[in-house]
Amino acid sequence: STLAYTLFPYTTLFRSLWCIMDFCVPGLLGNAREFAAKYQNPLKNLDTDIVRLGNEVHDRLGIYFMRRLKKDAAADLPQKHIVREKSEMPEVQEEKYSRVVTDYTSGTQPSILKAIMSMREICEHPYIYDHTWSDLPAGTLAESSARLITTIKFIDEIRRRNEKVIVFAEYRETQKMLQKIFLARFGIIAKIINGETPSLPTRHMGADTLTRQQSIDAFQAVDGFNIIIMSPIAAGMGLNVTAANNVIHYSRHWNPAKENQATDRAYRIGQTRDVFVYYPMAVSKHFKSFDETLDGLLERKSSLASSTIFPTARIEVRREEFEQELFGHVDGAQG
């Protein structure tokens, strides 16, 4: 049933595509059975080269299929600069990370999914992993995570330029922790936009509660340097934040297309300055970290994001790919 659910969007897409084209240009894609055999059925194999398959369908569609990208429709957009920076894990972070790896490889904690999620949380922040961050001072928190050390370095430079920045973080605990640190270091109470932030005013809203748009308006109204914290899911679409020309992906999304949608809150029509997109990564001399692994997988998946036909859900990083990169095997296939 899981496989059927996974394949449903793609088989439905191809079926709909064939029906539309057979109505508009009868015979262009052949008959339904031949089309299904050549293009739908290969999608059941996760090893299928979907870029090649998509391009083949696109070639058959010819002039009847046109896809316009942002760079084509908005050629006057300013430049987008990508900044990746790797930082060595502080001792407390590396120790917790190594313990999780050892517990999995020794069989003490046999769940690969739990191990991956634990590694992800530790790279986010070691005290997010053990839920003790709220008991610690901002200074201790700021020096305990490689990602956070690099993020603060980025924001120091952004403040020097007197510009605004969006910081994307997925976990609500992380969002609150960042808010605490930014207040202590920069004297700013950074607004948070996540799933709890209402999209529209309601009668039950407190006097101090702002909608998503009100939070953005208040952020943008400040002259010069400012910080806003957003969930890449809740704020990933539909919001215009062009007063910010800096984006920090403190958390990475498993799907590069959705990550790009988050970046596009700032990099969109109406932006007049070059946009800087920052990716802080926690690394170690002793092992390949979660951050390095995910970054490499997302880079490879990004080529699928620009594929001509396929839904962007297909380019999401899968657990099996992650496991293969980290441990050289897929769970259940060791030895």
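This is a predicted model: local features need pLDDT of at least 70, side-chain atom pairs count only at pLDDT 80 or more; totals for chains, interfaces and linings use all residues.
Reader: Which residue does Glu299 meet in a salt bridge of 2.7 Å?
Author: A salt bridge needs a side-chain nitrogen of Lys or Arg within 4 Å of a carboxyl oxygen of Asp or Glu. By that rule, the model has 20 of them. The partner of Glu299, with N to O at 2.7 Å, is Arg84.

Reader: How many residues apart in sequence are the parts that this pair ties together?
Author: Helices (H or I, at least four residues) and strands (E, at least two) are DSSP runs, numbered from the N terminus. Arg84 sits in strand S1 (residues 80-88) and Glu299 in helix H13 (residues 290-305), so their pairing ties together parts whose separation in sequence is 215 residues.

Reader: Which residues are linked in a network of salt bridges?
Author: Here's one link: Glu259 and Arg252 pair up at 2.8 Å, N to O, and both of these residues are buried. Arg84, by contrast, is partly exposed at 35% relative accessibility. The network's members are Arg84, Arg252, Glu259, Asp295 and Glu299.

Reader: Which residue forms a salt bridge with Arg160?
Author: Look along helix H9 (residues 146-160), where the two partners are three residues apart, about one helical turn. Arg160 is exposed, at 60% relative accessibility. With closest N and O atoms 2.6 Å apart, its partner is Glu157.

Reader: How much space lies in the largest cavity?
Author: A cavity is a set of points on a 1 Å grid over the protein atoms alone where a 1.4 Å probe fits but cannot get out, and its lining residues have an atom within 4 Å of a point. Grid points are joined across faces, edges and corners, and the volume is the space filled by probe spheres set on the points. Searching the whole structure turns up one cavity of 30 Å³ or more. The space in the largest cavity is about 40 Å³.

Reader: How wide an arc around the axis do the buried residues of H11 cover?
Author: Helix H11 (residues 212-221) has these buried residues: Arg212, Ser215, Ile216 and Phe219. The arc is that of the directions from the helix axis to the C-beta atoms. These residues lie on the same side of H11, because their arc is only 95°.

Reader: Which residues is Val275 in contact with, leaving aside neighbours within four places in sequence?
Author: Contact means heavy atoms within 4.5 Å. Val275 lies in strand S6 (residues 275-283) and is buried, at 0% relative accessibility. Its contacts are Gln79, Lys80, His81, Asn245, Ala266 and Tyr267.

Key: Residues are numbered from 1 along each chain as its sequence is written. Side-chain values use heavy atoms; hydrogens and water are left out. Buried means under 20% relative accessible area, exposed over 50%, partly exposed in between (1.4 Å probe, protein chains only). On a 1 Å grid over the protein atoms alone, a cavity is a set of points where a 1.4 Å probe fits but cannot get out, and a pocket is an open set with protein on both sides within 12 Å along at least five of seven lines; lining residues have an atom within 4 Å of a point.
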